Amino acid sequence: MALIELNNVTFCREGRTILNDISIEIQPGIVTAIMGSSGSGKSTLLNLMTGRLQPTKGTVRLFGNPITQQSLRYSSAIWKRIGFLFQSAALFNDLTVLENIQFSVA
């Protein structure tokens, strides 16, 4: 079972298509990098994967469960299980790499 699965996901904002018909599976134990030029939709894709944004079309599943229209309580529990790092990382300079990874906002 995939940890994260997007099936035919499209995301539009203000009449503009940001992502169109994206399908991807993130498997357990596999490190996955999402790379692309500025403005190519990387952050949007990550926000869709974590339920912070809802797709215009398609489905997103986390840990086998659809995340569309889930409660805030469910989403908060999911966010505690997922970590991701944007290219302009906001790391704490006074923490080690491990401490930065382990840091969680309650």
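Me: Two strands pair if DSSP finds at least two bridges between them. How many bridges join S3 to S4?

Reply: This is a predicted model: local features need pLDDT of at least 70, side-chain atom pairs count only at pLDDT 80 or more, and totals for chains, interfaces and linings use all residues. Residues are numbered from 1 along each chain as its sequence is written, and side-chain values use heavy atoms, without hydrogens or water. Strands (E, at least two residues) and helices (H or I, at least four) are DSSP runs, numbered from the N terminus. S3 and S4 run antiparallel, and the bridges joining them number 2.

Me: In S4, which residue is the bridge partner of Arg61?

Reply: The hairpin of S3 and S4 has 2 residues between the strands, and Phe63 there takes a positive phi near 55°. Arg61 has its bridge partner in S4: Pro66.

Me: What is the strand order in the open sheet?

Reply: S1 joins S2 through 7 antiparallel bridges. S1 also pairs with S3, again antiparallel, over 5 bridges. The open sheet has 4 strands, and their order is S2-S1-S3-S4.

Me: Why is one side of S2 and of S4 left without a neighbour in the sheet?

Reply: S2 and S4 (65-66) stand at the edges of the sheet.

Me: Which residue in S2 is the bridge partner of Cys12?

Reply: Thr10 stands opposite Lys57 in S3. Cys12, by contrast, has its bridge partner in S2: Thr17.

Me: At what angle does H1 run to S2?

Reply: H1 lies across S1, S2 and S3. Axes are lines fitted to C-alpha atoms, for helices over the stretch in contact (heavy atoms within 4.5 Å). Angles run from 0 to 180 degrees between N-to-C directions. For H1 and S2 the angle is about 55°.

Me: How many of the 8 residues of H1 are buried?

Reply: Buried means under 20% relative accessible area, exposed over 50%, partly exposed in between (1.4 Å probe, protein chains only). The cover over the buried residues of H1 includes S1, S2 and S3. H1 is largely enclosed by the rest of the structure, because the buried count is 7 of the 8.

Me: Which residues touch the most other members of the largest nonpolar core?

Reply: A nonpolar core is a set of buried Ala, Val, Leu, Ile, Met, Phe, Trp, Tyr and Cys residues joined through side-chain atoms within 4.5 Å. Of the 15 residues in the largest one, those touching the most other members are Ile4, Leu6, Leu48 and Met49.

Me: Which elements give two or more residues to this core?

Reply: Leu6 touches residues including Ile22, Leu45 and Val60. The elements that give two or more residues are S1 (4-13), S2 (16-26), H1 (42-49) and S3 (57-62).

Methods
Lists of a residue's contacts leave out its neighbours within four places in sequence.
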